[in-house]
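Please walk me through this structure, one part at a time.

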Amino acid sequence: METGAITCYARGVVLPRVSSQHATALMSPSSISPSFSSKSLKSSSIFGESLRVVPRSSSSKVSKTKNSSLLTRCEIGDSLEEFLAKATPDKGLRRVMICMGEALRTIAFKVRTASCGGTACVNSFGDEQLAVDMLADKLLFDSLTHSHYCKYACSEEVPELQDMGGPVEGGFSVAFDPLDGSSIVDTNFTVGTIFGVWPGDKLTGVTGRDQVAAAMGIYGPRTTYVLALKDIPGTHEFLLLDEGKWLHVKDTTEIGEGKMFSPGNLRATFDNPDYDKLINYYVKEKYTLRYTGGMVPDVNQIIVKEKGVFTNVISPTSKAKLRLLFEVAPLGFLIEKAGGYSSDGHISVLDKVIHNLDDRTQVAYGSKNEIIRFEETLYGSSRLKSGVPVGASA
């Protein structure tokens with residue numbers, strides 16, 4: 001694997017014996033504030049047993065690029081702050097990613113303590129009762145304001161540019177889906193937050209490849225923060241510990257082959273015979289069905305398991321639902337940084353120009369062969385390969 005700016009390898013880590021969610025669920029909303037810092041972390045009974053980390057090896061490996069410049073070393077077991085300090089010299093980007101991590105931690109608490117009844121799940125923000133998706137929306141906007149490096153932000157809930165007060169030069173614009181899968185919170189399925197970070201003050205007239213970072217927060221049995229930065233290889237998973245600290249626990253640099261599929265928008269198979277053919281291929285070849293109805297957990301499992309395919313395809317009567325800016329491009333960035341591929345049927349979703357904030361598209365994520373199969377089956381050829389068709393397209 002060719003590396004551009006960072007080399008990651010593991011060190012020993014002993015995790016707490018108690019669940020990483022145990023104490024966070026006991027935290028009061030006021031205990032999780034934008035001013036939270038890793039320096040303020042102390043062992044406390046309300047957080048459960050403190051983290052015990054095996055000391056780093058005294059042998060220090062240093063890699064070099066072709067021009068002999070030193071690469072920064074990051075390690076499994078680093079905190080989010082330590083990782084970002086090593087990963088990028090851009091203090092503004094570090095600040096944005098840390099503030100978003102603080103928002104994710106608070107949203108995780110709010111989701112776990114939401115009261116669900118009828119058609120909405122609600123929780124309190126100050127004295128106001130809000131649906132959890134709108135509460136997440138407010139928390140993310142507040143965190144971006146607090147970062148002081150965000151110029152514009154835009155949410156899927158409110159698809160209009162909001163001025164966050166940060167600079168244009170050296171600042172960033174952030175687009176996010178505050179709570180993807182909010183309709184399944186009441187069933188206690190895993191849900192998540194998605195966001196992409198672009199340099200400067202533009203969220204239209206840009207592509208997903210222009211992102212400097214993207215991430216998702218996953219609120220399930222564990223709370224994780226999965227992120228990727230433009231100038232370093234891999235997609236990196238951080239686990240929320242009892243202390244309220246994000247711990248670097250996994251790097252993904254390759255998406256390989258594996259018979260696991262997550263087929264979104266299956267209603268499109270009714271009048272899209274090529275999508276029907278592709279789904280039948282997965283069934284015939286005995287792929288394992290892993291579909292939750294939430295895009296975040298379905299895409300996250302490809303990164304964590306390092307295999308699988310996610311599809312969401314349109315048809316004449318079933319139009320595109322997924323938004324390029326808020327969902328498809330950020331997740332495409334995470335998948336491709338993890339060593340996978342993405343496609344709208346013809347090109348990488350990262351090469352699609354975002355003309356409007358509400359642009360929508362079909363999409364597939366997976367290994368190279370899965371994307372070849374997707375493109376060939378639906379459209380007869382693949383930009384990734386010429387020659388003998390693969391699988392369902394044969």
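In a crossing of which hand does α1 pass α2? The crossing of α1 past α2 is right-handed. A crossing is right-handed if the near helix is turned clockwise from the far one by less than a right angle, and left-handed if anticlockwise.

Before going further, a word on the source. This is a predicted model, in which local features need pLDDT of at least 70 and side-chain atom pairs count only at pLDDT 80 or more, while totals for chains, interfaces and linings use all residues. Residues are numbered from 1 along each chain as its sequence is written, and side-chain values use heavy atoms, with hydrogens and water left out.

Now the overall view. The chain has 7 helices and 20 strands. These are DSSP runs, numbered from the N terminus: helices are H or I with at least four residues, strands E with at least two. Of the 394 residues, 53% count as buried. Buried means under 20% relative accessible area, exposed means over 50%, and partly exposed lies in between (1.4 Å probe, protein chains only). Contact means heavy atoms within 4.5 Å. Among contacts in the chain with a separation of 6 or more, 64% come from residues 24 or more positions apart.

Back to the helix pairs. Two packed helices are described by the angle between their axes and the distance between the axes. Axes are lines fitted to C-alpha atoms, for helices over the stretch in contact, and angles run from 0 to 180 degrees between N-to-C directions.

Take α1 (residues 80–87) and α2 (residues 91–112). Their axes come within 10 Å and cross at roughly 160°. That makes α1 roughly antiparallel to α2. Angles over 145 degrees count as roughly antiparallel, under 35 as roughly parallel, 65 to 115 as roughly perpendicular, and the rest as oblique. On the α1 side, Leu80, Glu81, Leu84 and Ala85 make the contact; on the α2 side, Arg94, Met97 and Ile98 do. By class, these residues are 5 nonpolar, no polar and 2 charged. Here Ala, Val, Leu, Ile, Met, Phe, Trp, Tyr, Cys and Pro count as nonpolar, Asp, Glu, Lys and Arg as charged, and the others, Gly among them, as polar.

Helix α2 also packs against α3. The angle is about 155°, and the axes are 9 Å apart. The two helices α2 and α3 are therefore roughly antiparallel to each other. The crossing of α2 past α3 is right-handed. Residues of α2 in this contact include Val96, Met100, Ala103 and Ile107, and those of α3 include Leu135, Leu139 and Leu144. The contact of α2 with α3 holds 11 nonpolar, 4 polar and 2 charged residues.

Look at α3 itself. Its 16 residues (132–147) should span 22 Å at 1.5 Å a residue, and the end C-alpha atoms are 22 Å apart, which agrees. The expected span is 1.5 Å times one less than the number of residues. Among the buried residues of α3 are Val132, Asp133, Phe141 and Ser147.

What comes just after α3? Histidine 148 does, with a positive phi of about 70°. Most residues other than glycine have a negative phi. Histidine 148 lies in the loop between α3 and β6 (150–155). At 54% relative accessibility, histidine 148 counts as exposed.

Asparagine 188 also has a positive phi of about 70°, although it is not a glycine. Asparagine 188 sits in the loop between β8 (172–180) and β9 (191–199). At 71% relative accessibility, asparagine 188 counts as exposed.

Move on to α4 (residues 273–284) and α7 (residues 368–379). Their axes come within 8 Å and cross at roughly 140°. That makes α4 oblique to α7. The crossing of α4 past α7 is right-handed. Tyr275, Leu278 and Tyr281 are among the α4 residues that meet α7, where the partners include Arg373 and Phe374. The contact of α4 with α7 divides into 6 nonpolar, 1 polar and 4 charged residues.

Helix α5 (residues 295–305) is largely enclosed by the rest of the structure, because 9 of its 11 residues are buried. Among them are Met295, Pro297 and Ile303. Just after α5, glutamate 306 takes a positive phi of about 65°.

Glycine 340 is buried, with a relative accessible area of 6%. Leaving aside neighbours within four places in sequence, glycine 340 is in contact with Ile255, Ile335 and Gly366.
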